[in-house]
Amino acid sequence: MANRVENQLTEPLFKEMQKERFVTLATVDYATGGPNVHALSWIMAKNEKTIYFAVESHSRIIQNIKENNQVIVHIIADESAYSIAGKTTIKEDVLNHLPLKLTLVSMRIDEVRDVMFYGAKMTVQPHYNKTYDLEAASRLDEQVMDAMKKA
């Protein structure tokens, strides 16, 4: 049985990407030309063909996508694992009114591929805990997600 391939987010994936969550982002390293994987939480689907994510402005992610704008977002959702491939552009060099200097990246989706191995399903979502001031973390998360929604 072949894994599903779509050219945009399915409705369940779109809904899952309306809140902060754990994903990994694969980029091409600007220095080595090899793969580079990053963990993100400030990510959201703007629509079925567009994903926004915010990262620290001096992050290696920004250097990598300026050199090669092709990326893959890996997400565990809807009882499966998905590889979302696309091309990125810098939407805003610096998101305004935030306590951190964050860059907003827009990703145009080319392909959504179900990459779960045959005969299995995901039964739990990845879970993480913030390890710093929980009130400050919650406030920052809300500010960043609001800024992305308004962009």
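Q: Where does T88 sit, and what makes that element a strand?
A: T88 is in strand β7. Strands are DSSP runs of E with at least two residues, helices are runs of H or I with at least four, and both are numbered from the N terminus. The model is predicted, so local features need pLDDT of at least 70 and side-chain atom pairs pLDDT 80 or more, while totals for chains, interfaces and linings use all residues. Residues are numbered from 1 along each chain as its sequence is written, and side-chain values use heavy atoms, with hydrogens and water left out.

Q: Why is T88 called buried?
A: Buried means under 20% relative accessible area, exposed means over 50%, and partly exposed lies in between (1.4 Å probe, protein chains only). T88 has 5%, so T88 is buried.

Q: Which residues is T88 in contact with, leaving aside neighbours within four places in sequence?
A: Contact means heavy atoms within 4.5 Å. With those neighbours set aside, T88 is in contact with F53, I65, N69, V71, V105, S106 and M107.

Q: Why does S80 count as buried?
A: S80 also has a place in strand β7. Its relative accessibility is 5%, so S80 counts as buried.

Q: What makes the link between S80 and D114 a polar contact?
A: A polar contact is a pair of N or O atoms within 3.5 Å; within protein, one must be able to donate a hydrogen and the other to accept it, and residues adjacent in sequence count only if both atoms are side-chain atoms. The side chains of S80 and D114 are joined at 2.7 Å.

Q: Why are the rings of F22 and Y128 called a tilted pair?
A: Rings of Phe, Tyr and Trp (its six-membered ring) pair if their centres lie within 6.5 Å; planes under 30 degrees apart are stacked, over 60 edge-to-face, the rest tilted. By this rule there is 1 aromatic pair. The centres of F22 and Y128 are 6.5 Å apart and the planes stand at 50°, so the pair is tilted. F22 lies in the loop between α1 and β2, and Y128 in the loop between β8 and α3, so the pair ties together parts 106 residues apart in sequence.

Q: Why are F22 and Y128 not called buried?
A: F22 has a relative accessible area of 33%, so F22 is partly exposed. Y128 is at 30%, so Y128 is partly exposed too.

Q: How do you know that the buried residues of α2 are on the same side?
A: In helix α2 (residues 60–67), I61, I62, N64 and I65 are buried. They cover an arc of only 165° around the axis, which puts them on the same side of α2. The arc is that of the directions from the helix axis to the C-beta atoms. The face turned away carries the exposed residues K66 and E67.

Q: What makes β2 and β3 a pair of strands?
A: Two strands pair if DSSP finds at least two bridges between them. Here 6 bridges join β2 (residues 23–28) to β3, and the strands run antiparallel. V23 stands opposite L40 in β3.

Q: What makes the largest nonpolar core a core, and which members touch the most others?
A: A nonpolar core is a set of buried Ala, Val, Leu, Ile, Met, Phe, Trp, Tyr and Cys residues joined through side-chain atoms within 4.5 Å. Of its 25 residues, L9, M17, I51, F53, I75 and I84 touch the most other members. A second, separate core of 13 residues includes W42, Y52, A54 and L98.
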